[in-house]
Amino acid sequence: MQPVAILLATYNGEKYIEEFLIFLQGQTFQNYICYIHDDGSKDRTRRIAEEFEKRDPGHFQILEGPSQGGAKENFLWMLGQIEAEYYMFADQDDVWLPEKIEKSVRTITEKKEGPQAGEEAGPLCVFTDMYVTDEKLRVMSDSFIRYIGRDPHRIKFSQVVIDNPAAGCTMIFTRKLRDMAIQLKHPKRVEMHDVWVLALAAACGEQCIRVLDEPLVYYRQHGDNEMGAFSESFLEKIKRNARDVLSGNMTREKREFVQKARILAGELCLVEGLPEKNRKILKAFSEIGEKGKLTRVLFYRKYDFSRNRGTIWMYLWV
């Protein structure tokens, strides 16, 4: 087996990156190479990465290249640079449990038994859950996915394009999925790199995703998170929606939410290798805004374009 390619995009991460690289060195699975591309840090991030590369070149390699201008752009650029059998994303402030890589590799390499056994029987992508913690790693929730109101087992493409449940730092995926992911035509139209990769795996078929439903990462909440975990009670949600209605933002924000999903579907349609049936459904979804409201709602119901929570309300926005 080739070394697993861990892609680490960094920017001004001197506070956390050394700790994360030490955690990597303590993994129970050691057949990996962590590729690091710094996006123009003004602090000691690059210097720390260079020290690890010098001390442990078998596990750490710095990728030279221009600044990409953001985490999404950085990760997508790195995907195009590295040839590997399996890929993982990593964030500079991650805390990985020692067995994270081992369990992820074991899960993605397991083949199904029976009539579907064979080279294509394994998944294209596996994702795990995370602990949600404060900055001092005190656990606030043992399920990031459920904390943000998602369900890890809702992995139909019609569900994932609406509510993506997985964070990039929990994923492992194959070369085949990577080769499809780098076909992305318009990166600015996709919200994040991990949203793109999981939606693409889902579009290939439910059997292409496997869920390892246990937390193997501590997701640390702090002021520097590019994307943070957010949870709210039912009462808080009512208050927020009331404020949005009074401010006039309610309809606009909800429609923008659905439109992002349609744009994502439109980008998925441009990738070669998707099952034709799924491509046709995604294309119809991407263009459904031109149809009447009743047609849109019936289409959503037929193909299960839905949310874990609030699908009925979503029909008001479509």
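The model contains 22 salt bridges, a salt bridge being a side-chain nitrogen of Lys or Arg within 4 Å of a carboxyl oxygen of Asp or Glu. This is a predicted model, in which local features need pLDDT of at least 70 and side-chain atom pairs count only at pLDDT 80 or more, while totals for chains, interfaces and linings use all residues. Residues are numbered from 1 along each chain as its sequence is written, and side-chain values use heavy atoms, with hydrogens and water left out.

One of the salt bridges joins Glu83 and Arg178, with the closest N and O atoms 3.5 Å apart. Glu83 sits in the loop between helix 3 (71-81) and strand 4 (86-91), and Arg178 belongs to helix 7 (residues 175-181), so the pair ties together parts that are 95 residues apart in sequence. Helices (H or I, at least four residues) and strands (E, at least two) are DSSP runs, numbered from the N terminus. Glu83 is partly exposed, at a relative accessible area of 48%, whereas Arg178 is buried, at 3%. Here buried means under 20% relative accessible area, exposed over 50%, and partly exposed in between (1.4 Å probe, protein chains only).

Another pair is Arg138 and Asp134, with closest N and O atoms 2.6 Å apart. Arg138 is exposed, with a relative accessible area of 51%, but Asp134 counts as buried at 18%.

The chain as a whole has 13 helices and 9 strands. Of its 318 residues, 52% count as buried. Taking a contact as heavy atoms within 4.5 Å, residues 24 or more positions apart account for 73% of the contacts with a separation of 6 or more.

The largest nonpolar core has 98 residues, of which Ile6, Leu7, Leu21, Leu24, Trp96, Trp196 and Phe285 touch the most other members. Such a core is a set of buried Ala, Val, Leu, Ile, Met, Phe, Trp, Tyr and Cys residues joined through side-chain atoms within 4.5 Å. Helix 8 gives the largest share of this core, 9 residues. Leaving aside residues up to four places away in sequence, Leu24 touches Ile6, Gln30, Tyr32, Cys34, Phe60, Trp96 and Ile101.

What lines the largest cavity? Its lining consists of Arg150, Asp151, Arg154, Gln159, Asp163, Pro165 and Asn308. A cavity is a set of points on a 1 Å grid over the protein atoms alone where a 1.4 Å probe fits but cannot get out, and lining residues have an atom within 4 Å of a point.

Terms used:
1 Å grid on protein atoms, 1.4 Å probe; cavity = no way out; pocket = protein on both sides within 12 Å on 5 of 7 lines; lining within 4 Å.
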